[in-house]
Amino acid sequence: GYSEVPGSFLAPGVWGYYDAESEYEGYNVEKAKELLAEAGYPDGFSCTLISNASQSVAEMIQAYLKEIGIEVTLNVTDFSNWLDAIVNGKQQMYLGGWTVPSADATEAFSAYIGKGDNRSFYANDDVDALIETINTETDSEKRMQACVDLQKLLADECVTVGLYVGLACYSVNKDISNFVVLPSQSPNFAGITFAN
């Protein structure tokens, strides 16, 4: 109960979120083996997964992929080495997460998929055009439609696999009112009031 399954590249609290259905939904070992064979890997392959501070999640991924013939070597390292690897393309697979402090899709898409940091090293002209629309369009309906189209495209191409969206839990004294948690999961203290 402390997390939810994401339906998109974005978390539900981020403006622009759309629950994009994908042909890859659901856990299906036989379908995964079939797709591997179609891709030219009928006997699977070996690779390395780099992560930082997510040992249990990395081990879970390793175990699931082993079921379909993918042998994963884990490289659980410190943040500095992990960041160097994913920014400079030294990874085969990586486990990561992020928050979007602005709570706007522009920040997430530009940094992780488009021409920004693009830690997935994914290239698609249609994606770049949609991100450009999201970044520059002033009509909110057109921006939202570009977000929807982009999330559908990313889901269909299975660019990333969203595992979970963690929920931030805060406890607040009963004498405090107007405590707000932002979509970034950070607290906003600006409007709080205290009982006399």
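This is a predicted model: local features need pLDDT of at least 70, side-chain atom pairs count only at pLDDT 80 or more; totals for chains, interfaces and linings use all residues.
Asp126, for instance, is found in helix H5.

## A nonpolar patch

The surface also carries a patch of another kind. Here Tyr27, Met60, Tyr64, Val161, Leu163 and Tyr164 form a nonpolar group, with about 630 Å² of accessible area together.

You will find Leu163 in the loop between H6 and S5. Leu163 has a relative accessible area of 33%, so it is partly exposed.

## The chain as a whole

The chain has 196 residues, and 31% of them count as buried. Its secondary structure comes to six helices and nine strands. Taken along the principal axes, the C-alpha atoms fill a box of roughly 70 × 40 × 30 Å.

Val87 is found in helix H3 (residues 79-87), and at 35% relative accessibility it counts as partly exposed.

## Three salt bridges

Side chains of opposite charge can pair when their charged atoms come close. How many salt bridges does the model hold? The count comes to three, and each is worth a visit.

Start with Glu34 and Lys31, whose side chains meet in a salt bridge at 3.5 Å, N to O. Both sit in helix H1 (residues 29-38), and because they are three residues apart, about one helical turn separates them. In an α-helix there are 3.6 residues a turn, so residues three or four places apart point the same way.

Next come Asp84 and Lys90, which meet in a salt bridge at 2.4 Å, N to O. Asp84 is partly exposed, with a relative accessible area of 32%, whereas Lys90 reaches 56% and counts as exposed.

## A link between distant parts

The remaining salt bridge joins Asp104 and Arg143, with the closest N and O atoms 2.8 Å apart. This pair links distant parts of the chain, 39 residues apart: Asp104 is in the loop between strand S4 (93-94) and helix H4 (105-112), while Arg143 is in helix H6 (residues 140-157). Are these two residues buried or exposed? Both Asp104 and Arg143 are buried.

## The two ends of helix H1

Now return to helix H1 and look at where it begins. At its start, a side-chain oxygen of Asn28 reaches to within 3.2 Å of the backbone nitrogen of Glu30. Further along, H1 is followed by Gly40, which has a positive phi, near 95°.

## Positive phi beyond glycine

Most residues other than glycine have a negative phi. Which residues go the other way here? Cys158 is one of them: it is not a glycine, yet its phi is positive, about 50°. Cys158 is placed in the loop between H6 and strand S5 (165-166), and at 35% relative accessibility it counts as partly exposed.

Asn178 is another non-glycine residue with a positive phi, in this case about 65°. Its place is the loop between strand S6 (176-177) and strand S7 (180-181). With a relative accessible area of 49%, Asn178 is partly exposed; the cut-off for exposed is over 50%.

One last stop is Thr77, in the loop between strand S3 (70-76) and H3. What does the side chain of Thr77 contact? It makes a polar contact with the side chain of Asp78, at 3.4 Å. Thr77 has 19% relative accessibility and therefore counts as buried, since buried means under 20%.

Note on methods. Residues are numbered from 1 along each chain as its sequence is written. Side-chain values use heavy atoms; hydrogens and water are left out. A salt bridge is a side-chain nitrogen of Lys or Arg within 4 Å of a carboxyl oxygen of Asp or Glu. Helices (H or I, at least four residues) and strands (E, at least two) are DSSP runs, numbered from the N terminus. Buried means under 20% relative accessible area, exposed over 50%, partly exposed in between (1.4 Å probe, protein chains only). A polar contact is a pair of N or O atoms within 3.5 Å; within protein, one must be able to donate a hydrogen and the other to accept it, and residues adjacent in sequence count only if both atoms are side-chain atoms. Patches are made of residues with over 30% relative accessible area and no salt bridge: like charges are joined within 9 Å, nonpolar side chains (Val, Leu, Ile, Met, Phe, Trp, Tyr) within 5 Å. Accessible areas come from the Shrake-Rupley method with a 1.4 Å probe; for residues, only the protein chains shown count as cover.
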